[in-house]
Amino acid sequence: MSSYDRIPLVDLGAQHEEVALEVAAGFDKVLSSTAFVGGPDVDEFEAEFAAYTERQACVGVANGTDAIELVVRALEIGPGDEVVVPANTFIATAEAVARAGATVVLADCDPTNLLIDPASVADRLTDRTRAVIAVDLYGQIAPMEELRDVIAGRHVHLLEDAAQSQGARRHDRTIGSLATAAMTSFYPGKNLGAYGDAGAVVTDDDELATRVRTISSHGGLRRYEHVVQGFNSRLDTLQAVVLRAKLSRLEGWNERRREAAARYDALLADVADVRLPGTDAPNLHVWHLYVVRVPNRDAVLAHLNEAGVGAGIHYPKPLHQTEAFAGVAEVGSCPVAETEAGSLLTLPLFPHITEAQQVRVVETLVEALS
């Protein structure tokens, strides 16, 4: 099968074609000015992304994992403290907590949308809980208002892992609106993706933003003035150029994602063995991923891949069933995440996917299920 016949899970080349000239001009400007670290492009992107997310401050950092760790450290959460995270998330959410020295506590997800379950979070809270990190899964925001109610009256921060929800809204509110801070990743495959690793923290707490920026720049805001022990996690200037070019197109790309998701919904409506993804009523979904649930998932995935359809899995195991976090929670403690993990299947979805490609994806999926 030729590469032309293959349908990728994500088509980054099509995105690049849209921004190539703008990015090239931006790169030339950086190279000629030799403003390789920091500089106006980073400042301007931070201001633009803060405005886009309707937050007071944005701090660009090296990647999304660092963004989470930096916020946890800036809140002085560490050894002896507990942080609740969902069991069904990418490992970075828990990894960042562990790197800061805090204890990871896993909560289950709801069976409909697979978002973190507030009732499960309530069961995990203890006197040592210092934060809950809600993950905006697949492109829709977690039930932040319900989580706020769960932690009401406690000295617990509500944080938002918004790596999959750039442009999403809940009750017409953007990421970070009900959280102490929202942390996001600009990994290339995200709705707003860089040409390498990059990330950011957005918040309405200016003091927290300053602490995050301080820790991320070797513990100081001025050269050789180190007020705390920090590390190096700054947004690369060339990545800021890419992100600025893409940010101006993000709303249009997200709308095309919604159109593609609606097309999948229609094409799959009568396929009995496919459980379609849902949208929690208050959410404006941005469809970072289109995740269905099917029987015999591994065999179905193999058939799709062999036929040139770039389907995938997000995520194959809950965190406590990975080797890295084995023992963090007992098997059976997160029954929904554990049960549903074996059926999850991610279908190709990106702003430039065509109707013909989606028809072929569905036809191949039906073939695989028969």
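Predicted model: local features only at pLDDT ≥ 70, side-chain atom pairs only at ≥ 80, totals over all residues.
Let me begin with a term: a residue is called buried when its relative accessible area is under 20%, and exposed when that area is over 50%.

Which way do its residues point? Glu82, Val84 and Pro86 point one way, while Val83 and Val85 point the other way, and all are buried. Because 5 of the 5 residues of β2 are buried, the strand is largely enclosed by the rest of the structure.

Let us now turn to the partners of β2. The strand runs parallel to β3, and 5 bridges join the two. Within this pairing, Glu82 stands opposite Thr103 in β3. To pass from β2 to β3 the chain goes through helix α4, and this β-α-β crossover is right-handed. β2 also pairs with β4, again in the parallel sense, over 3 bridges. Here Val83 is the residue that stands opposite Ala131 of β4.

Helix α4 covers residues 92-99, and in it Ala92, Thr93, Ala94, Ala96 and Val97 are buried. What covers these buried residues? The cover includes helix α3 (64-74) together with the strands β2 (82-86), β3 (103-107), β4 (129-135) and β5 (157-161). After α4 comes Gly101, whose phi is positive, near 95°.

I now move to the aromatic residues. A pair of aromatic rings is described by the distance of the centres and the angle of the planes. The count for this model comes to 7 aromatic pairs. One of them is formed by Phe45 and Phe186, an edge-to-face pair with 5.5 Å centre to centre and 80° between the planes. This pair links distant parts of the chain: Phe45 belongs to helix α2 (residues 40-53), whereas Phe186 lies in the loop between β7 (181-185) and β8 (199-203), 141 residues apart. Both Phe45 and Phe186 are buried.

A second example is the pair of Phe90 and Tyr315. Their ring centres are 6.2 Å apart and their planes stand at 35°, so the pair is tilted. Phe90 sits in the loop between β2 and α4, and Tyr315 in the loop between α10 (297-306) and α11 (335-340), so the pair ties together parts that are 225 residues apart in sequence. Are these two residues buried or partly exposed? Phe90 has 47% relative accessibility and therefore counts as partly exposed. Tyr315, at 14% relative accessibility, counts as buried.

Finally, let us consider the whole chain. Its secondary structure comes to 12 helices and 11 strands. The radius of gyration is 21 Å, close to the 21 Å that the globule rule gives for 370 residues, so the chain is as compact as a globular protein of that length. Taken along the principal axes, the C-alpha atoms fill a box of roughly 65 × 55 × 35 Å. Of the 370 residues, 55% are buried. Among contacts between residues at least 6 apart in sequence, 71% join residues at least 24 apart. The chain exposes about 15600 Å², and carbon and sulfur atoms supply 51% of that area.

How values were computed: Residues numbered from 1 in each chain as written. Heavy atoms only, no water. Buried < 20%, exposed > 50% of the residue type's maximum accessible area, 1.4 Å probe, protein only. Helix = DSSP H or I, 4+ residues; strand = E, 2+ residues; numbered from the N terminus. Contact = heavy atoms within 4.5 Å. Pairing = 2+ DSSP bridges. Right-handed = clockwise from strand over helix to strand, strands pointing away. Rg over C-alpha atoms; globule rule 2.2 N^0.38 Å. Areas by Shrake-Rupley, 256 points an atom, 1.4 Å probe, with all protein chains shown as cover. Phe/Tyr/Trp six-rings, centres within 6.5 Å; stacked < 30°, edge-to-face > 60°.
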